[in-house]
Each structure stands twice: as structure tokens, then as C-alpha cells.
Amino acid sequence: MTAADVAETRWEEAACILCENNCGVLLEITPPGDDGRARIGRVRGDKNHPNSQGYTCNKARELDHYQTGPHRLTQPLRRTAAGTYEPADWDTAIREVAAGFARLRDTHGGETIFYYGGGGQGNHLPGAYAAATRGALGSKFASNALAQEKTGEFWVDGQLFGNEHCHTTGDWEHCEVAVFVGKNPWQTHGVHRARTVLREIANDPDRSMVVIDPRRTETAELADFHLQVRPGGDAHLLAAMLAIAVTEDLLDNPFVTEHAEHTDKLLDAARAVDIPAYCQRAGVDEQLVRAATRRIATASSAAFYEDLGIQQNVHSTLNSYLEKSLWLLTGNLGRGMHLHTAFQPLWSAHSSRATPVTNTPMLAGIVPCNVITEEILTDHPNRFRGALVEANNPVHSLADSHRMREAFEALEFLVVIDVAMSETARLADWILPASSQFEKAEATFFTSEHPANAFHLRHAVLPPLGDTLPEAEIHRRLVRELGGYTDDDLEALLAAAADVDLSQPREDDADGLDAFALTFLGWASELPLRTKVAPAVLYEVLGPRLPDNLREGAVTFALAHQVALRNAKEVANAGFIGDAPKAGNALFRAILERRSGTVFAIDDEDVDPNARVIRDGGKVNLEIPVLLDELATLADDIDPVPDSDWPLILAAGERRAFTANTIFRDPDWRKRDREGAVRVHPKDAADLGIADGARVRLVTRAGHAEGVAMIDEDMAHGMVSLPNGMGVDFPDGNGGTVTGVAPNELTSHDERDPIAATPHHKHVKARLEPV
Ligand SMILES: Nc1nc2c(c(=O)[nH]1)N[C@H]1C(S)=C(S)[C@@H](COP(=O)(O)OP(=O)(O)OC[C@H]3O[C@@H](n4cnc5c(=O)[nH]c(N)nc54)[C@H](O)[C@@H]3O)O[C@H]1N2
Ligand SMILES: Nc1nc2c(c(=O)[nH]1)N[C@H]1C(S)=C(S)[C@@H](COP(=O)(O)OP(=O)(O)OC[C@H]3O[C@@H](n4cnc5c(=O)[nH]c(N)nc54)[C@H](O)[C@@H]3O)O[C@H]1N2
Ligand code: SF4
Ligand SMILES: [Mo]
């Protein structure tokens, strides 16, 4: 596609890329203006999208601020000795990037090449193709943002249900009670059509909402029970709730006996809880805690969502254990909460490995974000010496930006693939410019619905900018340059692919896909390296057989087959039937044809809720010794001594109406709260003599920053907050502007969970000073 192809305004199916909901949208594509570039105009919800059904929030209409602007990279850039960047052509870039990594591989081993990325809120295909480059290099250690939020939860799932792919999701449409723990879905979604669904629950006299959050958020405003917990008091609160459920005889005993085992130690621990003291420690009225617990326990179904408020906080992993125990013991597995299918799991099923330098466990197979700098800044022979960063901005998004910069500068070779000159790209030896998510086919693997689960392969709807390439092509060229496969290797595949024609829908096997699938499977199984480089190979041999605007979807061919094998029953329920390769091919065809997304799997309902528990014997295990030990320590933390140096707790990285990680760099996208104010409780502001709109200095152990104060009576006393995603620079033509505070200038890498090593972003000791 070229700019000339956009001759007149047209509407195209796509998805919003700003949060994990990926709502289906219709984009108005406008023809090139004076700058010669077609762009995104109006944005509407797509009623045909299986998940969003026409819904969008306020942010989707700003998508052109991502697509168009001076922040976009247009050509490969090489760092000069002086630290500036000079443009280069792709052939040079690929040759030198491959040579730089090959040197590290050959001298120190491929495992010293670290990979950070895989995608953000809208783009997971880069990660799928990067697997080929990593395979060719022998790179074994990788990380991404999941290891600073969800890995503790995944590990608890593994302990409870059998492995870390046993992920649960809430049935928000039907649950009688919805419980949000450190989660503000009104702003952050995660629940499809969140604002509509939340209003429905709030307006239904037979349903209730419970919110556990120190701030009276937009979600809390709609709740029947707002447990306004003291920052960091969740473990005490959740332990008290569990204790109330146990001692008031509110457990679903028949359900527990039938579906769970090893419950005694947890129940004993709950009985030992001093309920009034724990409620007081948590800062919530005991009668309110009792009432909310009774409401949850007596409901026919309760759905729970735990998120950053507890996952990036003290006792993060313990909080997950307590939260899940509460809904399990009150009989909600298979009622409000469900184990679901996934199109392609984003993490590993097992936590069997540890990092090479600090020997920190890699929960769900991911290097914990908070140890990355320690794995680089050392003379240990196995340290990370090189890194490939793609579609994420870790120098901005990981704890302790100072130390992150120091570590990434210390790397012998750093390559960043991004659409924009990010904070991380600024440190790279090579910056490779990617086509945007609207200039290539893209998809995410955020597929966690029950019972009907959908996958959406989006079409390219705009021509690629400048000299950018999709990641699929970047990785294909890198793998080729690294010798991951040769022309000879492809002979049989190219012959089979020659008979494939997917340029338009055809009946069943008239497109030649069945024969290709069999050839491909045989080819891949011949040599171990072939499986690794297969994504790049598929892009090379199958990509050209796909419609032009879907080429980067080639890898979903393999993924469709994998899910059809893994979840044959659920995939058949969605209408894709037949022995391999029939079902996988039918699913792949549907993915290519259905521009608004495809339901790929439908879970059976009314089956044993334990059907997906994969532990031996099929019962849920409720005994996690290391967390029971941590639970016992709560009794010694009933009366914390106030810290006069750090009287406030900073939630560093709150989601608001106008935040979207670092996906937007142009500050003009924000219709209000442009600078991202520091929210302060009126009493704290009065004590410090701070007026609304005044400039303030926020000081933490790690650093200090100046911002503008917003007095907010919805805040908890003693708590301040900063929005996430701020403090990125934008090339405005005058040397660049930075708007707002980058929260990780204020966080420390060593404040982390004892088990998951996830950061305490929501619990940073701080003080505030007037400027
Ligand atoms: N608008 C917008 N939406 C987004 C994003 C975005 O950048 N902007 N990012 C997306 C991403 S990547 C994610 S992971 C999700 C995150 O979604 P959420 O987890 O909902 O996001 P946050 O606002 O960071 O944190 C949620 C809540 O935690 C509360 N909190 C703070 N301290 C505590 C505490 O001690 N205890 C409890 N119980 N709660 C506490 C905060 O008051 C806040 O309301 O949002 C996604 N959606
Ligand atoms: N203090 C604090 N820190 C936090 C959080 C917090 O609450 N507080 N939240 C954490 C959480 S939950 C998350 S998820 C992370 C998010 O932070 P990151 O994981 O770093 O992700 P994003 O900010 O979404 O980064 C997106 C990057 O991808 C680039 N990009 C966009 N489209 C494409 C594309 O098509 N191809 C390529 N190659 N690049 C593209 C963008 O330009 C940008 O540089 O932040 C984490 N950091
Ligand atoms: S909820 Fe809003 S930000 Fe999230 S995908 Fe939908 S429109 Fe985009
Ligand atoms: Mo996130």
C-alpha cells in the first residue's frame, strides 16, 4: 500500500491499541494532505467486534496522536562516537545489528543477549517474530512488563491449579457481586465495555459491587461497598475478610470438600486472625468489612479482579493468595470465576528457571523487571552483555530510571526497535524504525474471555511511513543474515506454498492450505532449530500468499494450529472442526476473513468447574507454605510506627482519563490534566500549606521531582499519587518538551516483593514540599 492508494476518505476496521481491551474500532482514513500522509480522522466503535460490540472510551478518538507526528522514526539510525545518530540504509543496519549480536553470541554465548519486549497494549506479533531472531542467537532470557505486575499472580495460580497457564477471569456480565481489589476499571478497563457493565451492576438492585481502594475512584463511586483501605493495608484487610468468612461459617463447605484440598493450614491461619485489630490496621470499619464479606459469600456468584493497587504493592504475592482463597472458599470457581482458553499464552507454564547472575526465580519464565540492572551492572561472566528491546520502553517504565540508564549504557550492544525515539531508544547503538500498528497487520494475545473467547487479526489500514518496516520483515532479515535458515532449507516449503492462494476466501481446501500445513509440520519437525525460526520462515513463504494488508499475520497460521490441538473441544464449539490440519486451517481462514475479530473458542458451561485444574487428582490446592509463613508475620505488624522522614505514601503511576502508558508522546492528546497533577488529600495539603494548583516538590529515597498539586478529597489521607506514562519527551521543533513527571525517577529497584520481585510502585515512601 502507498499513500497514493488512499485516494479518498474511507472507513476501515481496526482496534484501539491503548489498553488490553483492544476495542474494535472503525477508523476514518483520510487522504494525504500537504505533508503527503494519509492519517486517522474520526474513530467509532465497531459493533461487529465480538468483545467490545461498538463500545469505546474517551481515549480511542485520539489515536492519530500515536500514528502521526514528529515523534515517528522514519529510518534506521546508528549511534556515532559522539553519541549522536546518523541515518543508515537497511542493508547496513541488518548487517551490523546481526554482526553485533553474533559477536556476543560467539564470544560469550547467546544467553548473554537479553530480550525485553514482545509488545505493549496493542501489538504482540513482534514478540512472535522475535522468537526466530532469539532462536538464531540462542538468547534465553527475556522480560516484559508482566514481570512488574502479574508474575506473582501467575505463580499463585500455578500453586493453586497446577501450572501458571491456569489463569482465571471474571464473568462480569452475569456475576451477582463484582469485586475490584486495587483496580479502577472505569478508567483502566480490563473488563470489556467497562463503563456500561459497571453502570449495569450499580443500577441493578439484585447485584452489588465491592471496591477495595484507598482512593474513592470513579469505580468506588458506583460501589455498594467501598472499603477505603489504608495504602498497603490490603493483606490485613483480605486476611480479615477470610477470617470473617471462616468464623461466621460463610464458606461453601460442600463445594470446598468436592473441589479443593489441603485447606487446613489456611483455615487455621484464618481462625488465628484478630479481626478487629486487622481491620483497624487496614483502616476500614469492621462492620463494613463484615457486611461486604457476607455479601460476597452469600451471593450465587462473585467475580474478582485484582490489579496494580495490590500487585505493585507490599505483600503483592500474598495478596493474590488471599484474594483467590476468598473466592475459592466461597465457592466461586466455575461461578463468578473461570479458568479459560488462550489463543497463545503470553508467559510460560512453569517457573523452573532462575536468572544467571542473582539466581532470582523467574516466575512464569520471565526475568523479574526489578533485577535486570543487577544482571547487567556486575563483572559476573554470565551477565547480560547485549540487549534487544522491542515495542516497550523499559528505561521509562521500570523502577529506578537512573539505574536503568546506567545499566543500559553499560551494555556492550543495545538495539531498539520502536516507532518513536523513546527514552530507551536514546541509549541504543542501533535504532530500527518499525511501521506503526496501523501500517501492518497486528494482533494481541490478550484473549481471556469466558465462555466465548475472541482473537482479532487487524489489517494494515495505512501505508508504512518513510523507510519503516514491520517487525516481521526486520526479524526475517536478521534471521537470514544470522544464517538461521537458507534458500535450500525452504525449497519444499516454497513449492507447497506456491499452490496456496489466500488472496480471497475460497471453500475449504480449494486454497491449498491443507497440503501446505502437512508439508510445514513435516519440515518443522526435522531439525530443532527449524521450530525456533519457523515464525520468520512462515512470514517468508506464506506471507506473500496472503492478502497484502495481512502479510504479518503469517505466524498466526502456526498459532491457529496450536490452539486447535491444545483446545480441540473449545475450538470445535466455536465451529472449527475436523482432524488436524482441518480445524486449524478453518480457524486460520476465519481469522483472515473476519475483519472485526473471530471467536476462536467457546468453553463448555455446566461442566465440573475443576475440569481445567491440571493438578494430579484435579483438585485445587490451598496450601502454599511460603505464603502461609508471610501471612503469619502480619500479626507482628499491627501498629506501624509513623516515619517522620517519609510521612506520605506515593502511588507512582496511577491510570487516569488521559494516560496510556507511553504510547502517546504528544502532550496535546490530553484534553485535561495536561501536566499530570500530584493528587493530595485536602488535610495533607492544609498541613503543608499547599493550595490547589500550587507547584510542589515530591521527594523519595530515589529522587525528587516538581509538579503541580491537585487537591482531591477522594484521596486517602496520607497518600499522594502521580499518573503513569508522563515525563516523555516530544520533539516539538524547539529542542523538545517534556511534560509531567516520569514516575520511575522516584522509584527504587530494591523495593520489591520477596517472592515475585515485583516493584512497590504503589507504595513509595515520600514527602511533599511547597516550592
Ligand atoms: N487510562 C488508562 N488505562 C489503562 C492504562 C493506562 O495507561 N491508562 N494502562 C493499562 C495497563 S498496562 C494496566 S496494567 C492497567 C492497570 O489498571 P489498574 O490496576 O486499575 O490501574 P492503577 O490506576 O495503576 O491502579 C489501580 C488502583 O490502585 C489503587 N491503589 C493504590 N494504592 C493502593 C493500595 O494500597 N491498595 C489498594 N487496594 N489499591 C491501591 C489506586 O488508587 C488505583 O485506583 O490499566 C490499563 N488501562
Ligand atoms: N512507576 C510505575 N511504573 C510502571 C507502572 C506503574 O503503574 N508505575 N506500570 C507498569 C505497567 S503495568 C506497564 S504495562 C508498563 C508499560 O510500559 P512499557 O512496557 O514500557 O510499554 P509502553 O509504555 O506501552 O511502551 C510502548 C513502546 O512501544 C512503542 N511502540 C508502539 N507501537 C509500536 C510498534 O508497532 N512497534 C514497535 N516496535 N514499537 C511500538 C512505543 O513508541 C513505546 O516506546 O509500565 C510499567 N511501569
Ligand atoms: S477501553 Fe478505551 S483505551 Fe481501552 S481499548 Fe477500548 S477504547 Fe481503547
Ligand atoms: Mo500493565
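User: Which residues does F438 touch, not counting residues up to four places away in sequence?

Analyst: Two residues are in contact when they have heavy atoms within 4.5 Å. With residues up to four places away in sequence left out, F438 touches A14, A15, I17, L27, I40, L63, Y66 and Q67, and also A460, V461 and L462. Before we go on: this is a predicted model, where local features need pLDDT of at least 70 and side-chain atom pairs count only at pLDDT 80 or more, while totals for chains, interfaces and linings use all residues. Residues are numbered from 1 along each chain as its sequence is written, chains are lettered from A and ligands numbered from 1 in the order in which they are written, and side-chain values use heavy atoms, with hydrogens and water left out.

User: How many residues does the largest nonpolar core have?

Analyst: A nonpolar core is a set of buried Ala, Val, Leu, Ile, Met, Phe, Trp, Tyr and Cys residues joined through side-chain atoms within 4.5 Å. Buried is under 20% relative accessible area, exposed is over 50%, and partly exposed is in between (1.4 Å probe, protein chains only). Here the largest core has 105 residues, and L27, F438 and F516 have the most contacts inside it. Helix α2 (residues 90-108) is its biggest contributor, giving eight residues. There's also a second, separate core of 83 residues, with A260, A299, L318 and M337 among them.

User: Where is the place of H475?

Analyst: Helices (H or I, at least four residues) and strands (E, at least two) are DSSP runs, numbered from the N terminus. H475 has its place in helix α18 (residues 471-481). At a relative accessible area of 0%, H475 is buried. Leaving aside neighbours within four places in sequence, H475 is in contact with P126, Y129, A130, T133, L388, E390 and I417.

User: Why is α18 largely enclosed by the rest of the structure?

Analyst: Count its buried residues: eight of the eleven in α18 are buried, so the helix is largely enclosed by the rest of the structure. Those buried residues are E471, A472, E473, I474, H475, R476, L478 and V479. The cover over them includes α2, α3 (125-137), β15 (386-390), β16 (413-418), β17 (430-433) and α21 (528-541). After α18 comes G483, whose phi is positive, near 75 degrees.

User: Which peptide bond is cis, with omega near -5 degrees?

Analyst: That's the bond from H450 to P451. P451 has its place in the loop between β17 and β18 (452-455). The bond from A580 to P581 is cis too, with omega near 5 degrees. P581 lies in the loop between α23 (568-573) and α24 (582-593).

User: Is T355 buried or exposed?

Analyst: T355 is buried, with a relative accessible area of 2%. Its place is in the loop between β14 (337-339) and α15 (372-376). Not counting residues up to four places away in sequence, T355 touches F141, T360, M362, V367, P368, V371 and E375.

User: What are the residues around ligand 3?

Analyst: A residue is near a molecule if one of its heavy atoms lies within 4 Å of it. Around ligand 3 the residues are C16, L18, C19, N21, N22, C23, T56, C57, K59, A60 and H189. For sorting them, Ala, Val, Leu, Ile, Met, Phe, Trp, Tyr, Cys and Pro count as nonpolar, Asp, Glu, Lys and Arg as charged, and the others, Gly among them, as polar. The shell around ligand 3 divides into six nonpolar, four polar and one charged.
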